[in-house]
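I opened my notebook to look up a few side chains and rings. Here is what I wrote down, one entry at a time.

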Amino acid sequence: MRAFIIGSALVSLMLLSGCIKAASARSTKMFTFVYDKNLAHLKESIHLVRVGGGRKTIPFNKISRVSNRELQRAMIKSLEISNLLTEKNPKYKLSFHLLEEEALHFFGSTVVTTNMRYQLVDTFDDSIVYKKTFSVFHAVGVRRGFFYPDRHRKALEGSIKDNIEMFIKDLESTTFEDLP
(Lines give C-alpha, C1' and ligand atoms only; values in the text may rest on other atoms or scores of the structure.)
Protein backbone atom coordinates (compact mmCIF):
# COMPACT_ATOMS: atom_id res chain seq x y z
CA MET A 1 0.00 0.00 0.00
CA ARG A 2 2.83 2.36 0.87
CA ALA A 3 4.50 1.75 -2.51
CA PHE A 4 1.21 2.56 -4.26
CA ILE A 5 0.89 5.89 -2.42
CA ILE A 6 4.51 6.84 -3.15
CA GLY A 7 4.11 5.79 -6.81
CA SER A 8 0.89 7.80 -7.13
CA ALA A 9 2.53 10.82 -5.57
CA LEU A 10 5.48 10.58 -7.98
CA VAL A 11 3.23 10.26 -11.01
CA SER A 12 1.13 13.21 -9.82
CA LEU A 13 4.25 15.30 -9.27
CA MET A 14 5.54 14.45 -12.76
CA LEU A 15 2.20 15.37 -14.31
CA LEU A 16 2.05 18.68 -12.45
CA SER A 17 5.62 19.62 -13.29
CA GLY A 18 4.96 18.87 -16.95
CA CYS A 19 1.88 21.05 -16.91
CA ILE A 20 3.43 24.13 -15.36
CA LYS A 21 6.85 24.39 -16.99
CA ALA A 22 7.36 25.43 -20.58
CA ALA A 23 10.56 25.10 -22.57
CA SER A 24 11.82 27.72 -25.00
CA ALA A 25 11.47 27.03 -28.68
CA ARG A 26 14.70 25.68 -30.17
CA SER A 27 16.28 26.85 -33.41
CA THR A 28 17.26 23.28 -34.27
CA LYS A 29 13.57 22.56 -34.85
CA MET A 30 12.82 25.78 -36.75
CA PHE A 31 15.18 25.87 -39.74
CA THR A 32 14.00 24.62 -43.10
CA PHE A 33 15.54 22.74 -46.02
CA VAL A 34 14.71 24.76 -49.12
CA TYR A 35 17.17 24.39 -51.93
CA ASP A 36 16.03 25.08 -55.45
CA LYS A 37 17.81 26.01 -58.64
CA ASN A 38 15.21 28.77 -59.06
CA LEU A 39 17.01 30.63 -56.27
CA ALA A 40 20.19 30.96 -58.35
CA HIS A 41 19.54 34.68 -58.93
CA LEU A 42 19.95 35.20 -55.16
CA LYS A 43 22.88 32.86 -54.57
CA GLU A 44 25.02 34.19 -51.70
CA SER A 45 23.46 37.65 -51.86
CA ILE A 46 21.64 38.08 -48.52
CA HIS A 47 23.04 39.24 -45.20
CA LEU A 48 20.90 39.04 -42.06
CA VAL A 49 21.07 42.37 -40.23
CA ARG A 50 18.09 42.56 -37.88
CA VAL A 51 15.78 40.19 -36.00
CA GLY A 52 12.95 41.31 -33.74
CA GLY A 53 9.82 40.33 -31.91
CA GLY A 54 11.18 37.37 -29.99
CA ARG A 55 10.60 36.97 -26.26
CA LYS A 56 12.25 34.76 -23.72
CA THR A 57 10.25 32.04 -22.02
CA ILE A 58 9.40 32.80 -18.41
CA PRO A 59 10.31 29.87 -16.11
CA PHE A 60 7.28 27.99 -14.80
CA ASN A 61 5.02 29.58 -17.36
CA LYS A 62 2.76 27.37 -19.47
CA ILE A 63 3.50 29.19 -22.71
CA SER A 64 6.66 28.66 -24.73
CA ARG A 65 8.23 31.65 -26.43
CA VAL A 66 11.07 32.07 -28.89
CA SER A 67 13.95 34.46 -28.34
CA ASN A 68 15.50 36.71 -30.98
CA ARG A 69 18.67 34.65 -30.71
CA GLU A 70 16.86 31.43 -31.62
CA LEU A 71 14.99 33.18 -34.46
CA GLN A 72 18.32 34.44 -35.79
CA ARG A 73 19.91 30.98 -35.61
CA ALA A 74 16.97 29.40 -37.45
CA MET A 75 17.05 32.02 -40.21
CA ILE A 76 20.83 31.84 -40.66
CA LYS A 77 20.73 28.04 -40.90
CA SER A 78 17.84 28.18 -43.39
CA LEU A 79 19.63 30.76 -45.55
CA GLU A 80 22.86 28.74 -45.42
CA ILE A 81 21.10 25.56 -46.56
CA SER A 82 19.40 27.50 -49.37
CA ASN A 83 22.81 28.93 -50.37
CA LEU A 84 21.52 32.49 -49.98
CA LEU A 85 23.59 33.71 -47.03
CA THR A 86 26.74 35.77 -47.35
CA GLU A 87 28.82 37.77 -44.92
CA LYS A 88 30.91 39.72 -47.42
CA ASN A 89 29.64 42.06 -50.13
CA PRO A 90 25.92 41.26 -49.81
CA LYS A 91 23.54 42.52 -52.43
CA TYR A 92 20.61 42.61 -50.00
CA LYS A 93 20.20 43.15 -46.24
CA LEU A 94 17.45 41.10 -44.60
CA SER A 95 15.53 42.07 -41.51
CA PHE A 96 12.58 40.16 -40.14
CA HIS A 97 10.25 40.58 -37.22
CA LEU A 98 7.94 38.22 -35.38
CA LEU A 99 4.87 40.42 -35.24
CA GLU A 100 2.47 38.12 -33.44
CA GLU A 101 2.01 34.58 -32.25
CA GLU A 102 -1.41 33.27 -31.41
CA ALA A 103 -2.33 29.90 -29.92
CA LEU A 104 -5.65 28.07 -30.01
CA HIS A 105 -6.34 24.95 -27.98
CA PHE A 106 -9.21 22.57 -28.59
CA PHE A 107 -9.87 18.86 -28.14
CA GLY A 108 -6.30 18.15 -27.11
CA SER A 109 -4.75 19.89 -30.12
CA THR A 110 -2.75 23.08 -30.15
CA VAL A 111 -2.61 25.39 -33.16
CA VAL A 112 -0.08 28.24 -33.21
CA THR A 113 -0.19 30.97 -35.83
CA THR A 114 2.81 33.22 -36.39
CA ASN A 115 2.84 36.49 -38.32
CA MET A 116 6.30 37.45 -39.51
CA ARG A 117 7.37 40.44 -41.61
CA TYR A 118 10.36 40.17 -43.95
CA GLN A 119 12.17 43.07 -45.57
CA LEU A 120 15.06 43.09 -48.06
CA VAL A 121 16.99 46.29 -48.65
CA ASP A 122 19.29 46.81 -51.61
CA THR A 123 22.77 47.63 -50.27
CA PHE A 124 23.59 49.79 -53.30
CA ASP A 125 20.98 52.50 -52.74
CA ASP A 126 19.26 51.42 -49.47
CA SER A 127 15.92 51.00 -51.23
CA ILE A 128 13.38 48.46 -50.01
CA VAL A 129 13.07 45.82 -52.73
CA TYR A 130 10.96 43.27 -50.86
CA LYS A 131 8.53 43.65 -47.97
CA LYS A 132 5.97 40.99 -47.10
CA THR A 133 4.21 39.58 -44.09
CA PHE A 134 3.29 35.91 -43.88
CA SER A 135 0.78 34.36 -41.51
CA VAL A 136 1.27 30.61 -41.05
CA PHE A 137 -0.31 28.12 -38.65
CA HIS A 138 0.90 24.75 -37.42
CA ALA A 139 -1.12 22.20 -35.46
CA VAL A 140 0.12 19.59 -32.99
CA GLY A 141 -2.11 16.88 -31.55
CA VAL A 142 -1.89 14.82 -28.38
CA ARG A 143 0.13 12.10 -30.12
CA ARG A 144 3.09 14.47 -30.64
CA GLY A 145 2.91 16.09 -27.21
CA PHE A 146 0.93 14.77 -24.27
CA PHE A 147 1.45 17.81 -22.06
CA TYR A 148 0.19 21.20 -23.13
CA PRO A 149 3.60 22.97 -22.87
CA ASP A 150 5.17 20.38 -25.19
CA ARG A 151 2.36 20.74 -27.75
CA HIS A 152 2.60 24.53 -27.64
CA ARG A 153 6.39 24.53 -28.08
CA LYS A 154 6.25 22.05 -30.98
CA ALA A 155 3.45 24.00 -32.67
CA LEU A 156 5.40 27.25 -32.26
CA GLU A 157 8.56 25.70 -33.70
CA GLY A 158 6.60 24.23 -36.60
CA SER A 159 4.84 27.49 -37.36
CA ILE A 160 8.09 29.47 -37.42
CA LYS A 161 9.75 26.82 -39.60
CA ASP A 162 6.82 26.88 -42.05
CA ASN A 163 6.86 30.69 -42.06
CA ILE A 164 10.58 30.83 -42.94
CA GLU A 165 10.02 28.20 -45.62
CA MET A 166 7.18 30.24 -47.13
CA PHE A 167 9.46 33.30 -47.24
CA ILE A 168 12.28 31.45 -49.01
CA LYS A 169 9.90 29.82 -51.48
CA ASP A 170 8.37 33.23 -52.21
CA LEU A 171 11.85 34.51 -53.07
CA GLU A 172 11.98 31.90 -55.86
CA SER A 173 9.24 33.67 -57.80
CA THR A 174 10.33 37.23 -56.99
CA THR A 175 12.48 39.14 -59.45
CA PHE A 176 13.84 42.32 -57.94
CA GLU A 177 14.69 43.85 -61.30
CA ASP A 178 10.97 44.36 -61.96
CA LEU A 179 10.57 46.51 -58.88
CA PRO A 180 10.95 50.30 -59.05
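**Rings and a neighbour**

I began with burial: tyrosine 118 and phenylalanine 167 are both buried. I reminded myself that this is a predicted model.

Next I asked how far apart the ring centres of tyrosine 118 and phenylalanine 167 are. They are 4.2 Å apart with planes at 5 degrees, and planes under 30 degrees apart count as stacked, so I noted a stacked pair. I then checked where the two partners sit: tyrosine 118 is in strand S3, while phenylalanine 167 is in helix H3 (residues 148-172). They are 49 residues apart, so I wrote that the pair links distant parts of the chain.

I searched the whole structure for aromatic pairs and found five. One of them joins phenylalanine 96 and tyrosine 118, with centres 5.8 Å apart and planes at 15 degrees, so this pair is stacked too. Phenylalanine 96 lies in strand S2 (residues 92-106) and tyrosine 118 in strand S3, so the pair ties together parts 22 residues apart in sequence. Phenylalanine 96 is buried, as is tyrosine 118.

Which residues form the aromatic cluster? I listed Phe96, Tyr118, Tyr130, Phe134 and Phe167 as one cluster.

My last entry is on glutamine 119, which lies in strand S3 (residues 109-122). Is glutamine 119 buried or exposed? Its relative accessibility is 17%, and buried means under 20%, so I put glutamine 119 down as buried. Setting aside neighbours within four places in sequence, I found glutamine 119 in contact with Lys93, Leu94, Ser95, Ile128, Tyr130 and Lys131.

Terms used: Residues are numbered from 1 along each chain as its sequence is written. This is a predicted model: local features need pLDDT of at least 70, side-chain atom pairs count only at pLDDT 80 or more; totals for chains, interfaces and linings use all residues. Side-chain values use heavy atoms; hydrogens and water are left out. Helices (H or I, at least four residues) and strands (E, at least two) are DSSP runs, numbered from the N terminus. Buried means under 20% relative accessible area, exposed over 50%, partly exposed in between (1.4 Å probe, protein chains only). Contact means heavy atoms within 4.5 Å. Rings of Phe, Tyr and Trp (its six-membered ring) pair if their centres lie within 6.5 Å; planes under 30 degrees apart count as stacked, over 60 as edge-to-face and the rest as tilted.
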